[in-house]
Every structure is written in C-alpha cells, then in structure tokens.
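Biologist: I am new to this structure. Could you please take me through it?

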Amino acid sequence: MPTPLHIPQAILDDMVAHARALDPYECCGLLAGNHGTVTQMYRIKNIVALEGAEKLSSFDPAKAAHLERLSPVERAEIAFVMDMADFSAAKKDMRTKGLDLQVVYHSHPHDPARPSITDIKIATDYEEIWTKINLPTPAYLLVSLMEKSKPDIRCYWIDGGMATQVPIMTAP
Ligand SMILES: [Zn+2]
C-alpha cells in the first residue's frame, strides 16, 4: 500500500478551479512540498490549450521529444504539454523554498480520474528524465470533470507502465 499523500483542502479546491477555468481544455500543473505533504501548487500553462492541438507539430522538437515515440493515434490523444518557461520558473521557486516536486497534475474534462494509455506511456518515458533534471519522480494526479458538479480527484504512482493509486489525505 503506497504511503498517502497529504494535500490541503485549499490546494484540492484550487486544482478543481484550475480545471474548471480551462474546461473543455485540460489544465496542468505541479505540487511541491516535503515528506509527502504538499504545501505549494504551481499552475503551468498548457501549450495545447493556448495554441490548439494542431500547432503541436510546429513545436521545438527538443521540447516535445517524447511525442516522437508515440503513434499518431496516441499523439492525437495528447491534450496537454507543459510550458517549459513556467516549468523552469516553478522548479527554481521550489529550489529557493527548499521544496521537493511531489505531483504532476492534469485534468480530464470528459474522462475518469485515471491515467490514459498515453498518460502512462508519457510518464514511463519521463522516468529517466526526472533524474537527469535533478527532480524526484512525481506522483500523477488527475482531476476529472466528467461529472461537472462532482469533480473526482485521484493520484497514482506510475512505475514500469503500471499505475498504482496513492491515497490522498486532506490536510487542513
Ligand atoms: Zn490524461
């Protein structure tokens, strides 16, 4: 049984607000903290929501390197790509505040709160990248708006292509 992750209610609410603000596009962001307790949330711009999925092909290949390993069908399923400037700013802020990256979150406007095949594939591709950029491997959190009035939030470790649910404890 994986160790639960402690997330303050205010941050859970803020992620839902972020998901609703971008609906029908997906939102994405990072959660940071220490020792399994989240204390900070970073909204990261979703390039796809800003510029449209059709622009994906014109991205800097280095930024979207992981996309090349996906089939065209899987690539079409991708609805979020994190803005690298936002990501770097968040990473710098974490370092300044002595926080560890704990979670990468994104929303599923129409689908359940579990990783899609493509989500798992991308997470698997990223397993080696986190070490290279000196960040711990994060858990993946999904905010589902499938039932608009009843958002569902679930968190997973993705390891070797397998997703294992991580219990979320609400911290005050
Ligand atoms: Zn997804």
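Predicted model: local features only at pLDDT ≥ 70, side-chain atom pairs only at ≥ 80, totals over all residues.

Biologist: What share of the residues is buried?

Modeller: Of the 172 residues in the chain, 28% are buried. A residue is buried if 20 or more other C-beta atoms, placed from the backbone, lie within 10 Å of its own; it is exposed at 12 or fewer and partly exposed in between.

Biologist: Which strands are joined to β2?

Modeller: Strand β3 (residues 37-44) runs antiparallel to β2 and is joined to it by 7 bridges. Strand β4 (residues 100-108) is also antiparallel to β2, with 6 bridges. Two strands count as paired if DSSP finds at least two bridges between them. G29 stands opposite R43 in β3, and C28 stands opposite H106 in β4.

Biologist: What happens in the hairpin of β2 and β3?

Modeller: That hairpin has 2 residues between the strands, and H35 takes a positive phi near 45°.

Biologist: Turning to the core, which residues have the most contacts inside it?

Modeller: The largest nonpolar core holds 34 residues, and L30, L31, V103, Y105 and Y140 have the most contacts inside it. Strand β5 (residues 139-144) supplies the largest share of this core, 5 residues. A nonpolar core is a set of buried Ala, Val, Leu, Ile, Met, Phe, Trp, Tyr and Cys residues joined through C-beta atoms within 7 Å.

Biologist: And what does L30 touch?

Modeller: Leaving aside residues up to four places away in sequence, L30 touches Y42, I44, A90, L101, V103 and V104. Contact here means that the C-beta atoms, placed from the backbone, lie within 7 Å.

Biologist: Which strand is joined to β5?

Modeller: Strand β6 (residues 152-159) runs antiparallel to β5, with 5 bridges between them, and L142 stands opposite R154 in β6. Another 5 bridges join β6 to the antiparallel strand β7 (residues 162-166). The hairpin of β6 and β7 has 2 residues between the strands, and G160 in the turn has a positive phi of about 55°.

Biologist: Now the helices. Where is the kink in α5?

Modeller: The kink in α5 is centred on Y126 and is about 40°. The bend at a residue is the angle between axes fitted to the seven residues ending there and the seven starting there. In α5, D119, K121, I122 and A123 are buried.

Biologist: What follows α5, and what follows α4?

Modeller: N134 follows α5 and has a positive phi near 60°. G98 follows α4, with a positive phi near 70°.

Technical notes
Residues numbered from 1 in each chain as written. Helix = DSSP H or I, 4+ residues; strand = E, 2+ residues; numbered from the N terminus. Contact = placed C-beta atoms within 7 Å.
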